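Please read the following report with the sequence and the three-dimensional view side by side.

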Amino acid sequence: MLGPEFEIIPWNVKDDAGLARVEAAITYGHPLLDGPLMDRMPKLKMISNHGVGVDHIDVAAAVARKIPVGNTPGCLDNSTADMTMALLLAAARNVVTGDRFAHSAEFTHYDPAFMIGQEVTGSVLGIIGLGRIGRQVAKRARAFDMRIMYFNRNRDAASEQTLGVEYMPFETVLSKSDFVTLNCPLTPETRGLMSHAQFDLMKPTGILINMARGPVVDPEALYAALSGGRIACAATDVTDPEPLPRDHKLLSLPNLIITPHLGSASNRTRHRMLEMTVANLRAGLRGEPLFWQVFKN
Ligand code: NAP
């Protein structure tokens, strides 16, 4: 998608000579891009993020330097909501542990009392962050006849009408839900949103799904909740740090499913993300408004 008119410089923050030549930055894989790093790119005209979440970019610092930041909202809502449901179903119905067991020598006979999961249909889902992705999760959950509660900072009356979702305080969503899914952005306000006190509010049979960003969940609190039986299980597409060090204690937990940040990883979505990333990049380099511009984190 980028023709020979572009010189592609691999991302290397130690390469000052390379950074000095950068006119536009494409970010993927969430590299930290803060004000001091922007200052080392004196020709930088724009930043085009391949993804919707921009917690790794200091947008305020970019705005202060008149460097527009673009992202790819909307095109990944369906694929990320699909993945949220995939993790929810996998956690509820022992898909991962069942797969491991069925591959192993231990599976010798059918046992009706074995690996009894939680019924998804008719259960209660709590969505923290009912935005573009969260609303698509709600749409899917309706097909499972779930009662859906949500918490945002602002009430979404339109979605209450169209999706039948119920607005509740954060603590109520945690205590009443069978499944809690995190679909909010990572901001200073949501960093560590799920910590010891919040896990204590969840049902002991509760299941947490994190499709947001790793640091929205305190990893120590997650470990304590899962290893101490405070909640039943968790499934997370994101971790803090990401990836986890290979000897991290979270990796030892049988009741934690981890996927390697696959939320938007479907062929159609990734192609559209690329198109939007490049469209933003070209507009920014022409000095035109970006098609999809972020103004704050
Ligand atoms: P969005 O449309 O902006 O929705 C975000 C929602 O979160 C809004 O409803 C917002 O409502 C709510 N929110 C913000 N701050 C909150 C807070 N402090 N407490 C509770 N709710 C809060 O964003 P989106 O496009 O759905 O994307 C959401 C996030 O998903 C992204 O930022 C990204 O980090 C993550 N994501 C992950 C993957 C993956 O691969 N795992 C893929 C795509 C996106 P209020 O403003 O009313 O609070």
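## Basis of the model

This is a predicted model, in which local features need pLDDT of at least 70 and side-chain atom pairs count only at pLDDT 80 or more, while totals for chains, interfaces and linings use all residues. Residues are numbered from 1 along each chain as its sequence is written, and side-chain values use heavy atoms, with hydrogens and water left out.

## The ligand and its surroundings

There are 25 residues around the ligand, and those that come nearest are Arg132, Ile133, Arg153, Asn154 and Asp237; a residue is near a molecule or strand if one of its heavy atoms lies within 4 Å of it. Sorted by class, this shell holds nine nonpolar, 11 polar and five charged residues. In this sorting Ala, Val, Leu, Ile, Met, Phe, Trp, Tyr, Cys and Pro count as nonpolar, Asp, Glu, Lys and Arg as charged, and the others, Gly among them, as polar.

On its own the ligand has 920 Å² of accessible area, and the protein covers 88% of it; accessible areas come from the Shrake-Rupley method with a 1.4 Å probe, and for residues only the protein chains shown count as cover.

## Two buried loop residues

Ser195 sits in the loop between strand S7 (179–182) and helix H9 (196–201), where helices (H or I, at least four residues) and strands (E, at least two) are DSSP runs numbered from the N terminus. With a relative accessible area of 18%, Ser195 is buried; buried means under 20% relative accessible area, exposed over 50%, and partly exposed in between (1.4 Å probe, protein chains only). The side chains of Ser195 and Asp218 make a polar contact at 3.1 Å, a term for a pair of N or O atoms within 3.5 Å, of which, within protein, one must be able to donate a hydrogen and the other to accept it, and for which residues adjacent in sequence count only if both atoms are side-chain atoms. Neighbours within four places in sequence aside, Ser195 is in contact (heavy atoms within 4.5 Å) with Asp218 and Ala221.

Met211 belongs to the loop between strand S8 (207–210) and helix H10 (219–227), and Met211 is buried, its relative accessible area being 8%. Not counting residues up to four places away in sequence, Met211 touches several residues, including Thr80, Met83, Leu182, Asp237 and Gly263.

## Salt bridges

Side chains of opposite charge can pair when their charged atoms come close. The whole structure contains 16 salt bridges, each being a side-chain nitrogen of Lys or Arg within 4 Å of a carboxyl oxygen of Asp or Glu. One of them joins Arg21 and Glu7, whose closest N and O atoms are 2.6 Å apart. Because Arg21 lies in helix H1 (residues 16–21) and Glu7 in the segment before H1, the pair ties together parts that are 14 residues apart in sequence. Arg21 is partly exposed at 40% relative accessible area, whereas Glu7 counts as exposed at 54%.

Another salt bridge is formed by Arg135 and Asp156, with 3.4 Å between the closest N and O atoms. This pair links distant parts of the chain, 21 residues apart, with Arg135 in helix H6 (residues 132–143) and Asp156 in the loop between strand S5 (147–151) and helix H7 (157–163). Arg135 counts as partly exposed, at 29% relative accessibility, while Asp156, at 13%, counts as buried.

## Backbone details

The peptide bond from Asp240 to Pro241 is cis, with omega near 0 degrees, and the bond from Glu242 to Pro243 is cis with omega near -5 degrees. Pro241 is found in the loop between strand S9 (233–236) and strand S10 (256–258), and Pro243 is in the loop between S9 and S10.

Lys66, although not a glycine, has a positive phi of about 60 degrees; Lys66 lies in the loop between helix H3 (59–64) and strand S3 (69–70) and is exposed, with a relative accessible area of 75%.
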